[in-house]
Amino acid sequence: EVLHQHQGLRVLRMRGGHYARNSPFFTIRRLLRRELAIDEASPDVAGKVLTGWVGSNAPELLPWLPLLAIPIGAEVPSTPEVDLLAEQFRRDRLLTVTSDLAVAMLNEPVALLAEDVHLFDTGSLDVYRQLAARAATMPWLMIATHRSEPGFVRPDAHAIALESLGDDELASLAAAAGAMAGSEAGGIDVTTLAQRAGGNPLFLLELVGAFQESGTDELPETIESLVTTRIDLLSAPDRVLLREAAVSGNVVDTQLIADAFDRRELAEAGRWQQLSDFLVDERPNVFRFRHGLYRDVAYSGLSYRRRREAHLAIGGALEARSSSDLVAVAPLLSDHFDRGRDRIRAWEYAVLGGDAAQANYANTEAINLYERALRNADPDDAAGRGRIAE
């Protein structure tokens, strides 16, 4: 609604995700790389572009290029200023100069939309906090959605807590949804559906849809069972595809899924159109689940054995795709192989990701990855376990 009222603004989206929480600066990196037009660039190419852009647009930041390179995932030579900076001050300086870079990039009116802030990695969250502190002097509209208070909201920010809707509001919504779908409002017992929804508008809309399809009041008691029923109504191939795609998270890379399961046809967008009730086309070869609940229910529909197999397949495909820069995807690989119970590769990538996170001043992510490594450690490797534990 806020964006609808400010349609003249360019919208920059930042999204948190369950699988990205242990990847240092993952969310802010995507934003900065988009602005530099280096989305998929290698670290050395990203370093050259970053150096050129800073030299032309923010030369005062040139001494701090090695710090800026960390959140962007770039490679640049060190500088005397960074070499002389004491270790205990480097993370704070990194956060400051990264927010300085964002200020230099975003000097026009924009809407900064941060979605699922509670799933941001700590580095991205800290940078976002600094941007929020500067918002009053910048031409920005900052919007953040989150499930819990992340502790960065300015005292003068306008907070909206989403409470459960009342029965009257839900009844009105049910009637409107029925009318939009071409049904007669009188054909829907809006009061019963509103009471069944218990204040949840998503549940209500799902109930309205189910009622229109079945014409019966015998509807599931929970939204999870209702979504499960909808998924079960898909054809067998589509149902399996949706559930296996859920293993990759809320964002579905169709090329990665095709590589993982060795099925070329899955790389074609048309193969996914039958799943449009659950997935929305975000960009070429990439879909997103319309709601996190859809993804969670689809994922839970897989047997434990098939989940492990799918995690191993997707992890293997991602490993092959990223062979030139495994460090960048090590946290995600460690997650897939941990869930797939490949203890050797889970250990290797958790250690690789943890070491990189520690070197990049992302201690929270390093701790999480080291703990994952210890869960998968070889009991006979006392020296390796000792280093990671320390």
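Tutor: This is a predicted model. In it, L50, W53 and V54 of α2 meet L101, A104 and M105 of α5.

Student: At what angle do the axes of α2 and α5 cross, and within what distance do they come?

Tutor: The axes of helix α2 (residues 43-57) and helix α5 (residues 87-105) cross at roughly 70 degrees and come within 11 Å. Angles of 65 to 115 degrees count as roughly perpendicular, so α2 and α5 are roughly perpendicular to each other.

Student: Left-handed or right-handed crossing?

Tutor: The crossing of α2 and α5 is left-handed.

Student: Now α3. How many of its residues are buried?

Tutor: Eight of the eight residues of helix α3 (residues 65-72) are buried, so α3 is largely enclosed by the rest of the structure. The buried residues are L65, P66, L67, L68, A69, I70, P71 and I72.

Student: What covers them?

Tutor: The cover of the buried α3 residues includes α1 (26-36), α2, α4 (80-84) and α5.

Student: And what follows α3?

Tutor: G73 follows α3, and the phi of G73 is positive, near 75 degrees.

Student: How far apart are S235 and Q274?

Tutor: S235 and Q274 are 39 residues apart in sequence, and their C-alpha atoms are 9.3 Å apart in space.

Technical notes:
Residues numbered from 1 in each chain as written. Predicted model: local features only at pLDDT ≥ 70, side-chain atom pairs only at ≥ 80, totals over all residues. Heavy atoms only, no water. Axes fitted to C-alpha atoms, helices over the stretch in contact; angles between N-to-C directions. Helix = DSSP H or I, 4+ residues; strand = E, 2+ residues; numbered from the N terminus. Parallel < 35°, antiparallel > 145°, perpendicular 65-115°, else oblique. Left-handed = near helix turned anticlockwise from the far one by under 90°. Contact = heavy atoms within 4.5 Å. Buried < 20%, exposed > 50% of the residue type's maximum accessible area, 1.4 Å probe, protein only.
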